[in-house]
Amino acid sequence: QGTYGQLFSTRDEELPKGVDSEALKLVLIRKVELSQAGRMDVVRQTVLSELPTWRHPCIAPLAATSLDDTVNTFVYNIPSTSALSLRAVLSNLEYRKKMSWSKRLNTIHQIAQALAFLHNNNSTIHKAAVHGDLQPETIFIEVCEVQAYLLDAGMSRLIATDRSKFARGEVVYGSRAYRCPIYERGSTGYGPTCDIFAFGTILSEIMTAKLQFPLIMYLLYGF
């Protein structure tokens with residue numbers, strides 16, 4: 001559970017018969033709840049059409065979307081069955097041992113590339129965007145191949161179309177331990193600098209191979 005809703009995963013050995021396991025390796029499913037307000041608004045439809053166009057080697061590709069009333073389902077396809085969330089990697093001693101200095105630096109570089117693509121890409125296809133929920137759960141890495149994938153690219157623009165949620169104060173960008181201090185102090189603007197703050201925290205975790213808070217703190221208190 002994060003800013004953008006619940007995340008589920010499945011691997012090719014769990015896929016139903018008839019599904020091409022070569023095409024789908026690690027499947028991540030994000031369920032996002034949006035209110036009826038503005039659901040068919042032109043802006044929201046435009047953003048939905050843009051999401052599959054966020055193509056970058058370090059961004060998890062969006063394979064499919066499903067819209068059902070107020071629940072939007074987004075299916076990401078990562079081409080590796082052994083990819084794990086950064087939190088899972090840093091929480092496991094054996095995985096941490098495989099993270100050599102060169103692998104750590106490459107992972108950091110790839111995350112930075114994905115963020116730069118999000119923040120600076122302002123083409124005719126889609127607009128630049130902030131991530132809004134950069135944390136170890138939205139970064140998946142393939143330890144052996146040193147490949148990082150960023151989830152939820154462009155999702156912040158979709159959430160921003162939910163006017164009623166913002167009016168009720170239900171939208172809070174970022175996870176607690178990675179949230180920018182100016183945002184915590186009441187700033188209503190969430191911009192690229194907030195993503196950079198979260199990135200700096202994650203950079204420290206990767207370099208030290210140590211999470212800020214153990215898994216139990218994350219599960220109990222959302223840190």
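Colleague: For residues at least 6 apart in sequence, what share of contacts in the protein chain joins residues at least 24 apart?
Modeller: The share is 70%, where contact means heavy atoms within 4.5 Å. This is a predicted model, in which local features need pLDDT of at least 70 and side-chain atom pairs count only at pLDDT 80 or more, while totals for chains, interfaces and linings use all residues. Residues are numbered from 1 along each chain as its sequence is written, and side-chain values use heavy atoms, without hydrogens and water.

Colleague: How many helices and strands does the chain have?
Modeller: The protein chain has 9 helices and 7 strands; these are DSSP runs numbered from the N terminus, helices being H or I with at least four residues and strands E with at least two.

Colleague: In what order do the strands of the open sheet run?
Modeller: The order is β5-β6-β7, with antiparallel pairing; two strands pair if DSSP finds at least two bridges between them. The edge strands are β5 (84-85) and β7 (147-150).

Colleague: Which residue stands opposite S85?
Modeller: F140 in β6 does, and 2 bridges join β5 to β6 (residues 139-142).

Colleague: Changing topic, which residues touch the most other members of the largest nonpolar core?
Modeller: F74, I78 and M155 do, in a core of 49 residues. Such a core is a set of buried Ala, Val, Leu, Ile, Met, Phe, Trp, Tyr and Cys residues joined through side-chain atoms within 4.5 Å; buried means under 20% relative accessible area (1.4 Å probe, protein chains only).

Colleague: Which element gives the most to this core?
Modeller: Helix α4 does, with 6 residues.

How values were computed: Buried means under 20% relative accessible area, exposed over 50%, partly exposed in between (1.4 Å probe, protein chains only).
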